[in-house]
Structure formats: structure tokens, C-alpha cells
Amino acid sequence: MVEKTVQEINQKIKDGSVHVVTAEQMTGIVEELGPEDAAREVDVVTTGTFGAMCSSGAFLNFGHSDPPIKMQRVWLNDVEAYGGIAAVDAYIGATQLSESRGMEYGGGHVIEDLVARKSVHIRAVAYGTDCYPRKNIETEITIDDLNQAIMLNPRNAYQRYNVATNSSDRTLYTYMGTLLPNYGNATYSGAGVLSPLYNDPDFETIGRGSKIFLCGAPSYIIGEGTQHEPQNDFATIMVTGDLKEMSREFLRGAAFHGYGATLYVGLGIPIPILNENIAKKTGISDADIITNVLDYSSPRRSRPTLRKVSYEELKSGTIELDGKEVRTSPLSSFFMARKVASTLKHWIEQGNFMLSQPMEKLPTDTVFGPMKQTKETPLVKDVMSRKMITIRQGKSVEDAAKLIMRGQSTHLPVTSEDDRLIGIITAWDISKAVAQGKYDKLDRTMTRRVITATLDEPIDVTARKLEKHNISALPVIDKDGKVIGMITSDDISRLIAKRNGCHPQAPLEGKQ
Amino acid sequence: MDATHRHLSKENSRENVVFRGDYDMKIFLRFAPEINQEPHISEVILETGAKLNINKASVDAVSGEVVVDVPDEKFNEVVKRFRSRGVEVSILEHPVILDEDECINCGACISVCHVKALCFKDDWSIALDEKRCNQCGACITACPHGALEFS
């Protein structure tokens with residue numbers, strides 16, 4: 001039986017006799033010595049992760065201007081921060097986008113620029129009061145001009161994360177990176193063997209008040225993170241630290257193409273090896289950590305799980321999906337996760353970082369529930385028109401032109417003998433064919449890769465398809481691929497107008 | 001309201017499959033407007049018998065820019081022939097540039113690369129094999145840190 005206390009380990013840190021290893025090294029030690037001897041041998045196991053953590057940000061205090069302003073809305077490098085707290089406090093969130101640069105620059109980049117001690121442009125507006133008469137201000141600051149810059153991240157260090165892949169025939173740009181069509185790749189996140197929360201999954205040493213490594217600065221766990229779901233191995237933590245002490249090496253603004261901005265956060269937790277049970281848990285390996293492969297081509301809350309996979313298989317570079325070898329990409333950096341764990345190890349060995357006893361355990365029973373929605377989401381079948389004209393394959397472009405003129409519809413689904421959709425021809429396709437003098441058979445002019453809608457699809461999903469592909473109508477198909485109706489942007493506009501109680505002429509977002 | 005948009009995916013152009021053999025050298029050709037409409041590449045292939053592989057091409061009425069893989073043994077001859085036709089030739093030593101200060105070695109670029117030009121080294125840092133790169137640009141889009149760009 002090995003029993004140690006945090007105080008005893010801290011004494012060893014003070015006198016320089018502490019034995020610290022990383023969680024990656026600990027796996028081998030536990031395997032070789034067994035948990036009891038490993039617990040005798042090792043005092044602290046350091047963990048680390050370095051990944052995109054969207055739920056991150058910082059509280060900033062600018063000090064008062066003269067005359068003073070109550071910043072109602074405030075922008076840093078054109079990225080809006082939340083100003084609804086007092087007069088000169090604001091919270092800059094990692095995913096807020098720049099109003100001038102769009103998706104390539106956001107809150108995460110502002111935070112990185114502050115930490116890099118670059119000059120940041122501040123702009124604020126106010127309504128003016130007797131005590132805060134000023135209505136506008138613009139200035140340039142660096143992080144050293146702020147009274148406080150305190151990182152406070154509501155949800156960091158996900159214990160594990162789902163793997164993303166894409167069964168559809170189109171590339172998707174997601175917060176899980178570029179997902180190539182037809183299971184062209186799979187992306188994952190999380191440090192596996194070095195995952196802080198996987199090395200103490202029952203929160204025997206990690207809790208409210210635990211001292212941790214956050215972006216290069218000693219920092220603290222505030223408590224459970226948002227969406228904390230430990231029973232499902234999706235535990236998270238809320239953390240805070242002094243942004244002024246952080247280093248750009250362990251904190252990076254990032255932008256995912258087609259998704260937007262985020263912040264890469266380096267986070268490490270030291271785990272005191274108080275007994276053999278804790279030693280045993282820190283012996284976890286990549287092979288022991290299992291996660292789900294989800295199909296991100298489904299734009300719904302519940303995405304289908306394709307299979308379970310271990311971090312060992314993910315890290316091998318390929319996983320098997322549908323009988324096919326699919327290449328994997330991590331989005332988090334294992335190289336940097338190692339650096340976090342080894343830097344924290346070094347701090348402890350040098351006597352620069354003492355361990356803290358948590359004040360309170362993290363909850364072990366919270367669940368991540370869905371949003372309560374009080375208004376029902378309209379589906380395609382509520383909006384689509386069932387009256388539509390189609391054209392059989394084998395007909396001519398001229399036939400299609402006549403049908404379009406007769407039917408008042410600019411989109412004509414092309415069907416096979418058994419009514420299955422095989423293509424679509426639009427008035428634009430016909431104009432183009434005529435202009436180029438190349439028109440006879442429909443087959444050569446129609447588009448074969450048709451974007452379609454299904455009956456039970458929420459119209460928000462359909463509206464996104466129309467916007468993304470810059471089109472104005474979609475054929476609705478059943479599960480056998482038969483055309484059963486059409487849905488147009490006009491149908492959706494009318495519905496949204498009704499939903500918002502506004503004039504039917506109101507423009508549909510993103511519609512041309 | 002104009003309802004006659006093209007029913008086309010924006011991504012059609014991304015899905016061109018590129019064959020690659022064992023080429024060693026990559027060159028960048030620039031065609032001036034006055035020679036832009038002539039079949040220089042075909043003629044150089046016929047004259048030299050070199051199996052040129054076009055990686056990337058952008059040609060319109062006023063200019064032409066093409067990246068070509070050239071087999072090692074015919075390299076000097078191919079370059080000479082293009083130059084004698086007035087085509088500007090530059091040797092592409094770095095098809096894409098990896099900025100090590102911006103790169104955090106995540107690996108988001110690895111699985112989107114069709115030609116496997118990117119991989120992890122043993123220490124989980126990123127290795128770029130420039131000879132394999134065909135300049136498709138997928139890694140540049142996939143990099144969350146703007147660490148990759150065309151040279």
C-alpha cells in the first residue's frame with residue numbers, strides 16, 4: 001500500500017527530490033512495474049493537450065478615458081468584444097469574427113496579438129450619460145496598457161472528442177477541418193495518452209481550485225466546464241489564468257476555412273500520485289481510449305456513429321471505414337501536447353510549481369442536454385410544392401425548353417424510366433447550351449450531380465444548401481431517389497416572412 | 001427575382017485526379033500574351049519525347065502560367081526548348097512553403113494531401129516532401145494557422 005499526500009509531494013518539490021514523469025512515460029512505467037511500485041516510484045504525472053478550444057476568451061479592463069465613456073459596444077482590431085459589463089470591462093471571445101476581415105481573423109487572433117505584445121486598435125461607442133458623457137473613442141493599446149487581461153475559458157480540455165468524416169459526395173469545411181468527400185479522410189482531436197482528464201477520469205485529484213498549466217502560465221481550474229458530461233467520457237473544465245503571463249508558444253489564434261476563428265490552447269494538469277489506484281489510472285494508453293467516428297455530412301444534432309475507434313488507431317495515420325483505409329489528421333498538436341507536459345514537468349522539478357489540493361470535487365453526474373425549442377422547425381414537406389414538371393432522360397434540350405416555358409418553372413428534374421432522379425436542367429443551362437451552339441440531347445446539357453432535399457429535412461438545412469451552392473431550387477426526393485416535389489427559395493422566403501410576421505418581400509438571408 | 005442560377009457545385013474543379021510518376025524536377029512556365037495561344041507544351045513533348053506532367057495551369061486570353069513536372073534525364077533539354085520558344089522558365093525548388101514559426105505541427109494538412117507530401121516525423125512534427133507536392137493547394141486551405149503558402 002502506497003499512500004502520499006499533496007503536502008508530502010510539495011515538500012519533495014521544495015527539497016528537489018520529487019520524481020515527475022509525463023503521462024506518456026507513465027504508461028510504460030505502470031506496465032513495467034505494476035501500479036503499486038509505480039506509485040512508490042513516481043510522485044507526479046504531468047499531462048498536456050494543445051488543441052482548438054472555441055470556448056475560450058479573456059476579460060479585459062481598459063481603464064477610464066477622459067472624459068469617461070461607458071463602452072456599450074467595443075471592438076478590438078474590428079472584432080467585437082462583449083461590453084455589457086460595467087463601463088470599461090469587456091470579454092473578447094475566441095470565435096467572434098472580424099467585421100472587416102471575416103473568417104480569417106477573429107477573437108482568437110486578437111488574444112494571440114495581445115499576448116505577442118502587438119499593438120491592438122480599440123474602438124468603442126456609447127449612448128452617453130451624465131456620469132459617462134463620452135460617446136466615441138478610438139485608441140491603440142498593448143496588453144501592458146490594460147489593467148487586467150484575464151483569460152477565462154468556459155470549456156477547455158475535452159476528455160476526448162469525436163472523430164469527423166464525410167460520407168457525402170462534396171467536400172465539407174467544418175470546425176473539424178476539411179472533410180473530403182466519400183470518406184476521403186477523417187479528422188480527430190485530443191491528446192489521447194496525454195489527455196489531462198483521461199488520466200484522472202474520476203476526479204480524484206483534479207477539482208475546483210486545482211493549479212494547472214494554461215498557455216504557459218500557472219493558472220487554475222474554476223470548476224466543471226460547460227457541456228461537462230463525465231459519464232460519457234466527455235468531461236470538460238472551466239479555467240482561468242493571467243493572460244499577461246502567457247506565451248504565444250502555447251496559445252494561437254486559428255481559422256478553419258469555411259467555419260471561422262478559434263483559439264488553440266495549451267493546457268496541462270499535474271496529477272499527484274497519491275496511491276496505486278491513481279497510478280493505475282495514469283497508466284492509460286492510446287489503445288485504451290476509445291471514441292466515436294461520426295458522419296459530419298448529416299447537418300443535424302445527432303450525427304450517425306459509424307464505428308468506435310481507439311486513439312492508437314487514429315494516431316497510426318489511417319483507420320478502416322466501410323472496408324476502406326481512410327487517412328487521418330489530428331487537428332490538435334501532439335507535438336505541442338508533449339511540450340506542455342514536459343514544460344510542466346520541468347517547472348515542478350525546478351521547484352517553480354507547487355501542487356494544490358482541490359477545494360471541491362468536480363461533479364460526476366452532469367449531462368449535456370439539448371436545447372429546449374418552443375417553436376417547431378418547419379420541414380421541407382411542409383413547404384415544398386408537390387406539383388412539378390419533370391422530363392424523362394433521352395428527350396432533347398428543345399423539349400426541355402418548351403416544358404420550362406409551359407410550366408413556369410426554371411428548374412426541370414430529369415428522371416429515368418422508373419422516376420428516379422438522374423439530373424437537372426435549368427433555364428440557365430439551356431441558355432448556355434444555345435449560346436455555345438451545342439445542344440441536342442439532354443444528357444449532355446443537364447447537371448448530373450444534383451443537390452437534393454428530403455421530406456424530413458428542416459428548411460434551415462435546405463436554405464443553407466441553396467445559399468452554399470448559389471442555386472434557387474432543389475428537387476425533393478424520397479428514399480428510393482424518386483422525385484416527389486420541388487422546393488424553391490421563394491417557398492422558403494414566404495415561410496420565413498410568415499414566421500417573422502413581416503412583409504413577404506423581405507429578403508431571404510443569403511439569397512440572391 | 002432571378003431564379004435561373006446555375007445548378008453546379010462549386011467544388012467540381014477540386015476533384016480533378018492528378019497522376020504522378022517519379023519526377024524529380026518541377027518548373028514554372030510563364031507564357032507572354034503574344035505567344036500564349038501557341039501549343040508550346042505539346043511541341044516540346046514531341047520534340048524531346050519527355051513525359052511532362054502538368055500539375056497546375058492557369059491560361060486565359062492574356063496570360064498563361066503552368067507548373068510542369070519534368071523527368072530528370074530530359075530536364076536540361078526541356079528547359080532549353082521552352083526558353084528558345086520565348087517561354088519564361090523558372091525552377092520551382094519549393095512548391096509550397098511551410099512557415100515554421102506559424103506551424104504548430106497539428107497535422108490538419110496531412111490527410112487532405114492526395115499525393116502524401118505531408119506526414120509526421122517520429123517526434124510528431126510535420127515533414128514536407130517537396131518532390132511529391134503537386135501544388136493542389138488543399139493543405140493551404142486546411143491549415144488553421146496560415147502556415148502554408150505557394151512560393
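## Basis of the description

Residues are numbered from 1 along each chain as its sequence is written, and chains are lettered from A and ligands numbered from 1 in the order in which they are written. Because the model is predicted, local features need pLDDT of at least 70 and side-chain atom pairs count only at pLDDT 80 or more, while totals for chains, interfaces and linings use all residues; side-chain values use heavy atoms, with hydrogens and water left out.

## Salt bridges

Over all chains, the structure holds 37 salt bridges, a salt bridge being a side-chain nitrogen of Lys or Arg within 4 Å of a carboxyl oxygen of Asp or Glu. In chain A, Glu349(A) forms one with Lys345(A), with 2.9 Å between the closest N and O atoms. Both residues belong to helix H6 (residues 334-349) of chain A, where they are four residues apart, about one turn of the helix; helices (H or I, at least four residues) and strands (E, at least two) are DSSP runs, numbered from the N terminus. Glu349(A) is partly exposed at 30% relative accessibility, whereas Lys345(A), at 18%, counts as buried. Here buried means under 20% relative accessible area, exposed over 50%, and partly exposed in between (1.4 Å probe, protein chains only).

In chain B, Arg30(B) and Glu88(B) form a salt bridge whose closest N and O atoms are 3.2 Å apart. This pair links distant parts of the chain, since Arg30(B) lies in strand E1 (residues 25-31) and Glu88(B) in strand E4 (residues 88-91), 58 residues apart. Another salt bridge of chain B joins the side chains of Arg81(B) and Glu77(B) at 3.8 Å, N to O, and these two are separated by about one helical turn because they are four residues apart in helix H2 (residues 75-84) of chain B. Salt bridges that share partners join Glu43(B), Glu47(B), Glu77(B), Arg81(B) and Arg85(B) into one network.

## A buried aspartate

Asp43(A) is placed in the loop between helix H2 (23-41) and strand E2 (44-46) of chain A, and it is buried, with a relative accessible area of 1%. The side chain of Asp43(A) reaches the backbone nitrogen of His19(A) at 2.8 Å. Leaving aside neighbours within four places in sequence, Asp43(A) is in contact (heavy atoms within 4.5 Å) with residues including Lys4(A), Ile9(A), Lys12(A), His19(A) and Pro272(A).

## A six-stranded sheet

In chain A, six strands form an open sheet of mixed pairing, in the order E25-E24-E13-E16-E27-E26, where two strands pair if DSSP finds at least two bridges between them. Strand E25 (305-310) and strand E26 (318-321) stand at the edges with a single partner strand each, so one side of each is left without a neighbour in the sheet.

Strand E27 (residues 324-330) runs parallel to strand E16 (residues 186-188), to which three bridges join it, and among the bridge partners are Thr187(A) with Ser329(A) and Tyr188(A) with Pro330(A). E26(A) and E27(A) run antiparallel and are joined by four bridges, with Ile319(A) standing opposite Val326(A). These two strands form a hairpin with two residues between them, and Asp322(A) in the turn has a positive phi of about 60 degrees. Five of the seven residues of E27(A) are buried, so this strand is largely enclosed by the rest of the structure.

How values were computed:
A polar contact is a pair of N or O atoms within 3.5 Å; within protein, one must be able to donate a hydrogen and the other to accept it, and residues adjacent in sequence count only if both atoms are side-chain atoms.
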